[in-house]
Amino acid sequence: MKSEQFDINNTQVQMILVVKLQQLQREVLPTLTYGCLEEYVSEKLWKDKLPSSLHDAADQILRVTADDIVHYMSRKALFEGRRGKLSDFADVIGGK
């Protein structure tokens, strides 16, 4: 018997992500997208280990805070900015 995998492709996990997304959008981050939340969960929260049960998945997702998301996205932006070329930012700093 194959055990169920509780990752971001699991329909039940996706429903929990939608609930958490709506909460975060309503309370703190109105522009947060499903993709950003999904990326945080898969790339940061579950980077090393997937939850072993739906209960664990739900608990971990529902404990995510706006600060967690903002911190992750800020670090990601800094890392990606460090790898870029100055010409990649011409539209931001004024250039041709």
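These legends describe close-up views of a predicted model.

View 1. From the N terminus, the order reads α-α-α-α-α. The protein chain has 96 residues, and 26% of them are buried. Among contacts with a separation of 6 or more, 62% join residues 24 or more positions apart. The accessible surface is about 7200 Å². Carbon and sulfur atoms contribute 53% of that surface.

**View 2. A salt bridge joins K76 to E39.** The structure holds 3 salt bridges. In this one, the closest N and O atoms lie 2.6 Å apart. The pair links distant parts of the chain, 37 residues apart. K76 sits in helix 4 (residues 66-83), and E39 in helix 2 (residues 34-45). K76 is partly exposed, at 26% relative accessible area. E39 is also partly exposed, at 22%.

View 3. Shared partners join E39, K76 and E80 into one network of salt bridges.

**View 4. R63 and D59 meet through their side chains in a salt bridge.** The N to O distance here is 3.1 Å. R63 is exposed, with a relative accessible area of 59%. D59 is partly exposed, at 34%. The cut-off for exposed is over 50%.

Note on methods
Residues are numbered from 1 along each chain as its sequence is written. This is a predicted model: local features need pLDDT of at least 70, side-chain atom pairs count only at pLDDT 80 or more; totals for chains, interfaces and linings use all residues. Side-chain values use heavy atoms; hydrogens and water are left out. Helices (H or I, at least four residues) and strands (E, at least two) are DSSP runs, numbered from the N terminus. Buried means under 20% relative accessible area, exposed over 50%, partly exposed in between (1.4 Å probe, protein chains only). Contact means heavy atoms within 4.5 Å. Accessible areas come from the Shrake-Rupley method with a 1.4 Å probe; for residues, only the protein chains shown count as cover. A salt bridge is a side-chain nitrogen of Lys or Arg within 4 Å of a carboxyl oxygen of Asp or Glu.
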